[in-house]
Amino acid sequence: MSSTTRLTVAQALVRFLSVQYTERDGVRHRLIAGTWGIFGHGNVAGIGQALLEAGEDAMPFHQGRNEQAMVHAAVGHARQLNRLSAQAVTTSIGPGATNLVTGAALATINRLPVLLLPGDYFATRAADPLLQQLEHPTEADVSVNDTLRPVSRYFDRVHRPEALIPSALQAMRILADPAETGAVTLALPQDVQAEAYDWPEEFFAERVWRVRRPAPDPVELAEAVRAIRSAARPLIVAGGGVHHSEAEDALKSLADATGIPVASTQAGKGALRHDHPADLGGIGHTGTAVADDLARTADLVIGVGTRYSDFTTASGTLFQNPHVRFLNLNITAFDAHKLAARTVVCDARAGLEALAPALEGHRVDAAYEAEYATGKKRWEQVVEAAYAAADDNAVPTQTQLLGALDSVVGDEDVVINAAGSLPGDLHKLWRARSPRQYHLEYGYSCMGYEIPAAIGVQQATPDTPVWALVGDGTYLMMPTELVTAVQEGLPINLVLIQNHGYASIGGLSESVGGERFGTAYRYRAADGTFSGDPLPVDLAANAASLGMDVLRAKTVRELREALAAARASDRPTCVYVETDTVNPAAPPAEAWWDVPVARTASREAAVEARTEYDRQVAARRTHL
């Protein structure tokens, strides 16, 4: 008979998590590298006590200020480490638990692992209803944690101690599986957390979850090779899966050997270094002119680790060649089959490495290479113009801010963004120098992601300079984790851009007949609209009040100097700048994005926008 150890459920869970590992290519990582937590009555006496008893060596603890932000920090950590390591997040029942939903959706949409451990109602119903308990009149087993079901890849409510064993094992399996991963939720009734049980010692044995690299099926690989060899204008679309599988070198080798050009999604940018001859930059609505021009005429689109969002496909209007076909390499069959593609269901690196020898001797026509080389050179001139400042003493535009940052960062720096007008400018203009430099969360494009994600990235790679690029709209939604950065001495760099409102949605509103309604941060005018003077907020002072060192920059020169000083600092530092919004100098979108416009309206702007909408939507194709 095997020996047992008597522990509470919470103590057993923490001990179990402390000995879980992933391994890929012979390199081992802790699967759960630490736990974020905010404590309340639903977890303080269970998970909280268990973490205290386990100690920092067994399970490092990170104190958060906002539940959603804790998930974002964990996701940033996981992405930086190519999904080979994750973090857990514990909250109380009630608002703490429901605050996890947004972060969970972000994690699952982006295929990134995070373990959620919210408290739950009493399994015994001894105290009923609890403080913050949702009472459902016909479903007594429903709690607020059920809101996490649709945004979790795995969900279980652990009603009894012994149920933890299979549930915890399933949770680890999914977190470590690149084809299944996302948010995993183990809802823990607060009385069960504190209940004691005799646990088999085998439950606490060190366990290694090997992260597979599935090789391509020979038949699928042969079909893929035939398709590539017969294509005159092939185009690779590199998605986040290239990074997650560490396939950058394999992609470079294939591009070097075949001359096939590579465009990237937001998640895939940096798959090739920006100055590689085959790198065309971003694709889709926020893509470059050269990438989108080639996409319109491509006869074979090779998707590698991409899920083809509407931004990538320009809402189904981008790939216009009447003979275009799709070939998708993806570890997830669900994504591989999109756009009625030929499929190679495999690890991205394994698939690219298998294609290379099978395509030996094959190269695209020299005229095709010359065509995209000319387009790439032409786009580089657009980038230079957007980055350049005619007057170093002028107020910088947002694109000039990116130019100043480009002149300061090194190859190892990580630049983080998620929402607002910056993702478009970054996707079109940023010169990614290394695989992990460009960190854009655009699957969910969640305002508030940037600051906590910067903390997660800094935790994962302590010696890496990390930049969180944040507009005023995003900053006002979630600045609180700056306190965490200060508390932990994490030298993240915050670039805080004041442009007095929701710049991205303001521009979109104007283009779809909304006339920028409700998007400016201004006083009300006499007619009741938000068109008065800008609000007298001082976000730099707010950042300073949270413990950040703050550098204010009013000109292009001051901005460049402040960015350099921030990078050299060993303290959490904020560079605050108000940008020129009158002459933004950002290149326009090179492809359409579908935002439906009012079919009938009395205002001229909406009528004109609908006419343009009908013209654009006529180009949509269904690929079969």
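Okay, let's start with helix H6, residues 164-176: at 1.5 Å a residue its 13 residues should span 18 Å, and the end C-alpha atoms are 18 Å apart, so the two agree. Keep in mind that this is a predicted model. Buried residues in H6 include Leu 164, Ser 167, Ala 168, Leu 175 and Ala 176.

Those last two take us to the cavities. How many are there of 30 Å³ or more? The count comes to two. The largest holds about 60 Å³ of space, and Leu 175 and Ala 176 are in its lining, along with Arg 24, Arg 83 and Asp 177, among others. By class, that lining has five nonpolar, two polar and three charged residues.

The second largest cavity is about 40 Å³. Lys 269, His 274, Asp 279 and Trp 430 are among the residues lining it, and by class we get three nonpolar, four polar and three charged. Lys 269 also turns up over the face of Tyr 438, 5.5 Å from the ring centre.

On to the rings: a search of the whole structure gives 12 aromatic pairs. Take Tyr 197 and Trp 199: centres 4.8 Å apart, planes at 75°, so we call that edge-to-face. Trp 199 is buried at 0% relative accessible area, while Tyr 197 is partly exposed at 26%.

Another edge-to-face pair is Tyr 368 with Tyr 372, at 5.8 Å centre to centre and 85° between the planes. They sit four residues apart in helix H15, so about one helical turn separates them. Tyr 368 is buried at 4%, and Tyr 372 counts as buried at 4%.

Conventions:
Residues are numbered from 1 along each chain as its sequence is written. This is a predicted model: local features need pLDDT of at least 70, side-chain atom pairs count only at pLDDT 80 or more; totals for chains, interfaces and linings use all residues. Side-chain values use heavy atoms; hydrogens and water are left out. Helices (H or I, at least four residues) and strands (E, at least two) are DSSP runs, numbered from the N terminus. The expected span of a helix is 1.5 Å times one less than its number of residues. Buried means under 20% relative accessible area, exposed over 50%, partly exposed in between (1.4 Å probe, protein chains only). On a 1 Å grid over the protein atoms alone, a cavity is a set of points where a 1.4 Å probe fits but cannot get out, and a pocket is an open set with protein on both sides within 12 Å along at least five of seven lines; lining residues have an atom within 4 Å of a point. Grid points are joined across faces, edges and corners, and a volume is the space filled by probe spheres set on the points. Ala, Val, Leu, Ile, Met, Phe, Trp, Tyr, Cys and Pro count as nonpolar, Asp, Glu, Lys and Arg as charged, and the others, Gly among them, as polar. Rings of Phe, Tyr and Trp (its six-membered ring) pair if their centres lie within 6.5 Å; planes under 30 degrees apart count as stacked, over 60 as edge-to-face and the rest as tilted. A charge sits over a ring if NZ of Lys or CZ of Arg is within 6 Å of the ring centre and within 35 degrees of the ring normal.
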